[in-house]
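I opened this notebook to keep track of what I looked up, entry by entry. The sequence and the structure come first, and my notes follow.

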Amino acid sequence: MKTEALKTGLWGYKKFSVYQYITALEEEFSAKLLEKDQENHTALEQAQLRIRQLEQELAELHRQHDALRDEHLLISNTLLDAQRYAETLRAQTQEQEQAACKHLEEAVETRKRELEQYDGRLSQLRQLFRTMLQEMDASALEMEPHLEKLREAAPDGNMSLFHRNQEPVA
């Protein structure tokens with residue numbers, strides 16, 4: 001309170017001067033209060049605008065989070081499906097490999113049996129040739145004495161009649 005702004009009278013301060021001072025203070029405080037009210041109202045509007053913006057950002061972040069979660073779930077499910085598919089392929093490949101090995105072993109056994117049969121036939125053929133050669137050798141041995149007799153009985157004289165003429169005939 002500023003007492004120098006009040007006018008004094010005989011018995012103290014004048015009522016009118018005090019009322020004017022109070023009214024001036026009231027107007028000053030009302031103006032300040034109104035100004036503060038407007039500032040608060042502006043701040044409130046700005047705060048509400050910021051709240052709306054933040055709520056929109058929050059909603060967008062929720063949407064993004066949901067989209068990322070859905071994408072993550074999709075990726076997880078895809079990976080799980082891929083792992084199951086890989087396991088299935090691995091099992092099928094293993095089965096095919098076992099079947100191929102079994103088929104190959106059977107083919108090898110069949111070829112072995114065929115080779116053993118060929119080996120047996122070859123042994124028989126060799127034995128047959130051996131027997132034939134022995135028989136031919138025995139026959140040749142038997143023919144040797146007859147050949148000697150024929151040589152002794154053959155004329156060794158003039159065999160020129162039986163020789164061919166080496167000169168060309170004109």
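I began with burial and noted that 2% of the 170 residues in the protein are buried, where buried means under 20% relative accessible area, exposed means over 50%, and partly exposed lies in between (1.4 Å probe, protein chains only). I kept in mind that this is a predicted model, in which local features need pLDDT of at least 70 and side-chain atom pairs count only at pLDDT 80 or more, while totals for chains, interfaces and linings use all residues. Residues are numbered from 1 along each chain as its sequence is written, and side-chain values use heavy atoms, with hydrogens and water left out.

I then looked up the surface, and found that the accessible area of the protein comes to about 16,600 Å², of which 58% belongs to carbon and sulfur atoms; such areas come from the Shrake-Rupley method with a 1.4 Å probe, and for residues only the protein chains shown count as cover.

Next I turned to the fold: the protein has one helix and two strands, which follow the pattern β-β-α along the sequence. Helices (H or I, at least four residues) and strands (E, at least two) are DSSP runs, numbered from the N terminus.

Which residues form a nonpolar patch on the surface? I listed L122, L125, L128, F129, M132, L133 and M136, with about 680 Å² of accessible area together. Patches are made of residues with over 30% relative accessible area and no salt bridge, like charges being joined within 9 Å and nonpolar side chains (Val, Leu, Ile, Met, Phe, Trp, Tyr) within 5 Å.

My last entry concerns the salt bridges, of which the structure holds eight; each is a side-chain nitrogen of Lys or Arg within 4 Å of a carboxyl oxygen of Asp or Glu. I looked at E28 and K32, whose closest N and O atoms are 3.5 Å apart; they are four residues apart in helix α1, and so are separated by about one helical turn. E28 is partly exposed at 39% relative accessible area, and K32 is partly exposed at 46%.

I also noted the salt bridge of E39 with K36 (3.9 Å, N to O), both in helix α1 and three residues apart, about one turn of the helix; E39 is partly exposed, with a relative accessible area of 41%. K112 and E109 meet in another salt bridge at 4.0 Å, N to O, and they too lie three residues apart in helix α1.
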